[in-house]
Amino acid sequence: MRRYFVTTFGCQMNAHDSERIKGLLEDLGLGEATTQDEADVVVFNTCTIREKPDQRLAAHLGNAAALKRRKPGMVVAVGGCYAEAQRERIFERYPFVDVAFGPGTIRHLGDWLGAGGVGVARHSFGTAGERRFSAELPTQRERPVQAWVQVSMGCNSVCAYCIVPQVRGREVSRRPGEILAEVTALARQGVREVTLLGQNVNSYGRDLAPDATTGFAELLRAVDSVDGIERIRFTSPHPKDFRPDVIEAMAGCDAVCEHAHLPLQSGSTRILKSMRRTYSRERYLRLVADLRGAIPDLALTTDVIVGFPGETEADFLETLEVTEEVGFDGAFTFVYSPRTGTEAAAMPDQVPEELKRERIERLIDLVQRIAGDCNRQRVGRTEQVLVEGPSRTDP
Ligand code: SAM
Ligand code: SF4
């Protein structure tokens, strides 16, 4: 049997897409290899949100090239956001790559492999014109009781730092009936927790018929009513789309977890404006108060970027203040990374690397202290938990 090995970079959407890539390869009769060295088909599902994943991919591709010199029949495939950003250039840069595809064109990998390289040219790129939901593909789930469920693809926001809209395109929502059919099937298979996925998950449905039955609040209610689903999570919502009906639905649905991932990005209204986030520090804090007012014991997590162009010490101190004031249970912290083609990459006043490093260390210290405090407050309480499996860092 021919074997495959998939390496995944980046966000939850990529983790979900990788399960679909594996499902597609299994459907073609391939089995999963335990290491890359044993594989006949090596797939990289890439991320390009910051420069770091680009650099990590380059190192991984170096290893794949060496492997392919020893095993010339091996197929090297590159998918995901970096592939979409590079398109045909990927073959110029890495001539040993056989096939490449974007997040919306995973099927292209199956077409190429299925044809054994015949009919679909080597070095052809899956075109964006035929973008489809990866949720339409078979899947090979990592965990028996948890599942990702894609509800939309793409993003209509114009955050000045972000490459996502360029590589994942305009927002397209999946039909509610398809989502519910998938959730119902998952529940029958024993899944207890679903995480609804979208780049901007709570603007779900705006592109569908503009009636009140297709919004994110209605979707939460519909998923909540599926027998067997005990926990519902969703990521990533945008603060601007956290409307009162969504908060009400969260509060009213038994299965929706008391958790919101609410990307702050910056605590300075001036920087938020320059980022084109469309909310101010005050509006964000009001939203936090509304959420906490409606959902007792709500856990809050966030994303923060430090060193956005023009960020002064005073702006950064505002980010620390908001972080302290909200008291996040956890935060993903990022050093701003200029991405070619985004508005912010061309802005003046780029912050020097050492200053960005110094600021992120101060932010991480604060985030860890606060998260530790949040955890300590739960000691001695009785909580419902979902056992996911042994820890990755300590079995
Ligand atoms: N759509 C989601 C949102 O708006 O929160 C997720 C977008 S992205 C996959 C995840 C996070 O990466 C963002 O929330 C942001 O904090 C960070 N990010 C995006 N572009 C970045 C950049 N150029 N440099 C540093 N961090 C970035
Ligand atoms: Fe990027 Fe902003 Fe869209 Fe999130 S909402 S994917 S940060 S453009």
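The shell of residues around ligand 2 divides into six nonpolar, three polar and one charged, where Ala, Val, Leu, Ile, Met, Phe, Trp, Tyr, Cys and Pro count as nonpolar, Asp, Glu, Lys and Arg as charged, and the others, Gly among them, as polar. The model is predicted, so local features need pLDDT of at least 70 and side-chain atom pairs count only at pLDDT 80 or more, while totals for chains, interfaces and linings use all residues. Residues are numbered from 1 along each chain as its sequence is written, chains are lettered from A and ligands numbered from 1 in the order in which they are written, and side-chain values use heavy atoms, with hydrogens and water left out. The shell of ligand 2 is made up of Cys-155, Ser-157, Cys-159, Tyr-161, Cys-162, Val-164, Pro-165, Gln-199, His-238 and Arg-277; a residue belongs to such a shell if one of its heavy atoms lies within 4 Å of the molecule.

Turning to ligand 1, 15 residues surround it, and the closest are Gln-199, Pro-263, Gln-265, Asp-303 and Ser-337. By class, this shell has seven nonpolar, four polar and four charged residues. Several N or O atoms of the protein approach the ligand. From the side chain of Gln-265, a polar atom lies 2.7 Å from an oxygen atom of ligand 1. Backbone atoms take part as well: a polar one of Ser-337 is 2.8 Å from a nitrogen atom of ligand 1, and an N or O atom of the Tyr-161 backbone lies 3.1 Å from a nitrogen atom of ligand 1. Ligand 1 exposes 560 Å² when taken alone, and the protein buries 91% of that, with areas from the Shrake-Rupley method and a 1.4 Å probe. Strand S12 (299-306) and strand S13 (330-335) are the elements that give two or more residues to this shell; strands (E, at least two residues) and helices (H or I, at least four) are DSSP runs numbered from the N terminus.

Three cavities of 30 Å³ or more were counted, a cavity being a set of points, on a 1 Å grid over the protein atoms alone, where a 1.4 Å probe fits but cannot get out, with lining residues having an atom within 4 Å of a point. The largest cavity has a volume of about 80 Å³, that is, the space filled by probe spheres set on grid points joined across faces, edges and corners. Its lining has four nonpolar, four polar and four charged residues, and includes Met-13, Asp-17, Arg-131, Gln-150 and Arg-168.

Asp-17, one of these lining residues, sits in helix H1 (residues 12-27). Why is Asp-17 classed as buried? Its relative accessibility is 2%, and buried means under 20% relative accessible area (1.4 Å probe, protein chains only). The Asp-17 side chain makes polar contacts with the side chains of Ser-134 (2.6 Å) and His-16 (3.5 Å). A polar contact is a pair of N or O atoms within 3.5 Å; within protein, one must be able to donate a hydrogen and the other to accept it, and residues adjacent in sequence count only if both atoms are side-chain atoms.

The second largest cavity holds about 40 Å³ of space. Among the residues that line this cavity are Thr-105, Ile-106, Arg-107 and Leu-137.

Conventions
1 Å grid on protein atoms, 1.4 Å probe; cavity = no way out; pocket = protein on both sides within 12 Å on 5 of 7 lines; lining within 4 Å. Buried < 20%, exposed > 50% of the residue type's maximum accessible area, 1.4 Å probe, protein only.
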